[in-house]
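Open your viewer and keep the selection tool handy. Let's walk through this one together, a stop at a time.

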Amino acid sequence: MKVQQSQNVLGGVLRACSMDPETGFYRDGHCRTGPRDTGSHVVCAEMTEAFLEYTKRQGNDLMTPRPEMDFPGLEPGDRWCLCAARWREAMEAGVAPPVVLAATSEAALKAVDLEVLKAHAVDAPSSDDSSPDA
């Protein structure tokens, strides 16, 4: 089954979020979603210590490696596809990690306004956001 090309929140081609560690619900490096992704892992975020500690307190420890799940554990600076609702929750708590707009799926806009994402972006919108991934 071929994965459908997705768009990012800027209307361009969805860029890869991270290949090391390999992220995404489908572990293809992209923040794509589909019917089985009940958490909607569509926000590409750059991890911070504050966010990692916050999400651990919420019951989702992203720092501890889980070899049985082929999960290396995350460190500040790693990029990871987050659930849109968890990112919004962290934003409301003042600990939202920065967002990579070009790698954040347009599906995130169901949970978070584009202007809010832009205010937390590490990448500025560019005229090149619609070109194919190299």
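Helices here are DSSP runs of H or I with at least four residues, numbered from the N terminus. Keep in mind that this is a predicted model.

Begin at the end of α2: select G94, which comes just after the helix and takes a positive phi of about 85°. Now step back into α2 itself and colour A84, R86, W87 and A90, its buried residues. Look down the helix axis: these buried residues fall within an arc of 165°, so they line one face of α2. Show their surroundings next, and you will find them packing against β1 (41-46), α1, β2 and α3 (114-119).

Move on to α1, residues 49-57, where F51, L52, Y54 and T55 are buried. They sit on the same side of α1, because they cover an arc of only 160° around the axis. Their packing partners are β2 (79-83) and α2 (84-92). Following α1 is G59, with a positive phi near 100°.

Now for the salt bridges; the structure holds 4. Select R79 and E46, whose side chains meet at 3.3 Å, N to O. R79 lies in strand β2 and E46 in strand β1, so this pair ties together parts 33 residues apart in sequence.

Then go to α3, where E115 and K118 are 3 residues apart, about one helical turn. Their closest N and O atoms are 3.9 Å apart in a salt bridge. E115 counts as exposed at 56% relative accessibility, while K118 counts as partly exposed at 33%.

Finish with R32 and D28, a salt bridge with its closest N and O atoms 2.9 Å apart. Is R32 buried or exposed? At 10% relative accessibility, R32 counts as buried, whereas D28 is partly exposed at 21%.

Technical notes:
Residues are numbered from 1 along each chain as its sequence is written. This is a predicted model: local features need pLDDT of at least 70, side-chain atom pairs count only at pLDDT 80 or more; totals for chains, interfaces and linings use all residues. Side-chain values use heavy atoms; hydrogens and water are left out. Buried means under 20% relative accessible area, exposed over 50%, partly exposed in between (1.4 Å probe, protein chains only). Helices (H or I, at least four residues) and strands (E, at least two) are DSSP runs, numbered from the N terminus. The arc is that of the directions from the helix axis to the C-beta atoms. Contact means heavy atoms within 4.5 Å.
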